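The following explanation is intended to be read alongside the coordinates.

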Amino acid sequence: MTSEFRITVRENLAKAEVRANFYRAMDGLMTRRLDQFPDKVELERLRTQSMAIRANALSKLPELLEQLETNLTRNGIQVHWAETTDQANQIVLGIMQQHNAQSIIKGKSMVSEEMGLNHFLEALGIEALESDLGEFIIQLDHEAPSHIIMPAIHKNRVQIAKLFHEKFPDIPYTEDVDELTQLARRILRDKFYAAPVGLSGVNFMVAETGTLCLVENEGNGRMSTTAPPVHIAVTGIEKVVESLSDVPPLLSILTRSATGQPITTYVNMISSPRKPGEKDGPEEVHLVLLDNGRSNIYSDPELLATLRCIRCGACINHCPVYVRIGGHSYGTVYPGPIGSILEPQKAGLDVHGELTQASTLCGACSEVCPVRIPIPSILNRLRYDGVRKDAANTHTVGSGKRRTLSEAATWKTWAWAATHPALYHTGSKLATRFKGMLPTNLGAWTSVRTAPKLAESTLHERLKALGVDHE
């Protein structure tokens with residue numbers, strides 16, 4: 001039976017225009033990142049420092065979260081804890097109901113995507129408008145993000161121009177990028193002014209000072225967090241760092257790894273609501289801290305490294321699988337290599353375990369990860385957890401659910417043969433002698449490879465064509 005994941009992959013592989021869009025975008029992102037790190041020694045030093053900062057924070061996670069809550073509360077920011085996405089959605093709804101708010105304007109937030117917040121609010125008749133340009137584009141087209149940094153990266157300029165013309169027919173058609181951007185700005189400007197509540201994500205939370213750090217390029221994040229009278233920030237519990245001095249190294253490697261920029265246009269440090277005498281800023285600031293499986297990941301020493309992620313997207317940009325199948329093929333909020341290890345751990349291997357197979361284990365992701373997450377090793381661990389017999393001995397949700405009797409029997413037979421040398425060598429000789437009887441069509445395997453029985457004749461023909469004597 002073909003899985004939904006495989007069906008989606010086949011459909012997306014057939015979309016030539018989308019694949020071309022990904023190739024162009026990924027090539028540009030990889031080149032820009034490379035240009036930002038001309039000194040390889042400095043790059044590796046910064047990666048090691050960033051890894052140490054994140055590892056240190058995770059080693060003290062419970063204590064730092066308590067310190068963060070204490071300092072945020074002292075600063076006037078209200079802290080809310082949510083174990084599940086349903087609880088997080090209810091918290092946001094409750095805050096909005098306290099202010100009779102029927103609309104919310106959002107800066108970019110992958111955690112709000114994880115919560116399914118837009119659909120939740122819209123089902124209740126509440127408008128949830130994305131203000132990040134990429135998010136705004138895909139919201140118009142009723143799509144999910146295909147990338148954690150550039151949500152509309154699967155679309156090109158012409159596709160976006162046609163979409164804008166379809167949704168706003170009174171505005172003249174244009175394919176000029178600057179004009180399209182200005183069009184979105186004009187539409188959103190009044191929304192910023194009128195919105196009673198603004199929502200954002202958080203890049204880092206500083207336990208030492210009770211500060212929320214948010215980086216972005218368009219200014220929509222700053223508008224969403226300062227123009228409305230109420231600001232709600234949503235983030236995962238793992239985003240905390242110990243001290244303010246930890247932030248600059250992380251910002252330096254985050255922006256260069258993500259978009260190939262030395263620094264983002266806006267760096268927002270939010271430590272309190274508007275104070276007496278200040279002319280702008282929200283009257284209330286709320287922080288919603290979401291668990292959603294993160295505590296379970298935290299409990300496993302080997303899988304803990306997953307939570308070091310700073311959401312730069314570098315692993316995605318360099319992944320040969322992602323570039324070919326696109327972000328929507330994964331069917332999850334977080335695509336690519338980081339999604340292939342994070343999503344199965346959050347939802348369970350029985351739900352997203354197949355994503356652990358969506359990798360060649362080439363190691364490109366771990367080579368560029370700014371915090372040195374060993375993604376291939378974690379993928380192998382999750383693959384093992386999916387089929388292990390002693391599922392009760394691991395914290396991973398859904399362990400053992402991918403184990404099948406046929407596969408278990410096959411490997412058990414192979415292991416038995418491999419431990420009996422005489423039988424193994426005899427079987428190998430027989431397989432070689434009678435290789436001509438092997439089928440030429442072995443399904444997906446031979447769709448990209450030469451069947452074993454054809455390999456010798458193919459090699460003979462190629463060497464003969466080259467004039468090589470190989471007898």
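The model under discussion is predicted. In it, the cysteine sulfur closest to that of Cys-362 belongs to Cys-365, at 6.2 Å. A disulfide requires the two sulfur atoms to lie within 2.5 Å, and the separation of Cys-362 from Cys-365 is therefore too far for a bond.

How many disulfides does a search of the whole structure find? The search returns zero.

Asn-100 is not a glycine, yet its phi is positive, at about 50°. This residue is placed in the loop that runs between helix H5, residues 85–98, and strand S2, residues 103–106. With a relative accessible area of 66%, Asn-100 is exposed.

Asn-292 likewise has a positive phi of about 50° without being a glycine. Its loop lies between strand S10, residues 284–290, and helix H13, residues 294–298. Is Asn-292 buried or exposed? Its relative accessibility is 19%, and because the limit for a buried residue is under 20%, Asn-292 counts as buried.

The last topic is the packing of two helices. Helix H9, residues 157–167, packs with helix H10, residues 177–194, at an angle of about 40°, and the axes are 11 Å apart. That angle makes H9 oblique to H10, because angles under 35 degrees would count as roughly parallel and those from 65 to 115 as roughly perpendicular. The crossing of H9 past H10 is left-handed.

Which residues make this contact? From H9 come Arg-157, Ile-160, Ala-161 and Phe-164, while H10 contributes Val-177, Leu-180, Leu-183 and Ala-184. By class, the residues of the contact divide into seven nonpolar and one charged, with no polar residue. Arg-157 of H9 is one of the residues in this contact, and arginine is counted as charged.

Terms used
Residues numbered from 1 in each chain as written. Predicted model: local features only at pLDDT ≥ 70, side-chain atom pairs only at ≥ 80, totals over all residues. Heavy atoms only, no water. Helix = DSSP H or I, 4+ residues; strand = E, 2+ residues; numbered from the N terminus. Buried < 20%, exposed > 50% of the residue type's maximum accessible area, 1.4 Å probe, protein only. Axes fitted to C-alpha atoms, helices over the stretch in contact; angles between N-to-C directions. Parallel < 35°, antiparallel > 145°, perpendicular 65-115°, else oblique. Left-handed = near helix turned anticlockwise from the far one by under 90°. Contact = heavy atoms within 4.5 Å.
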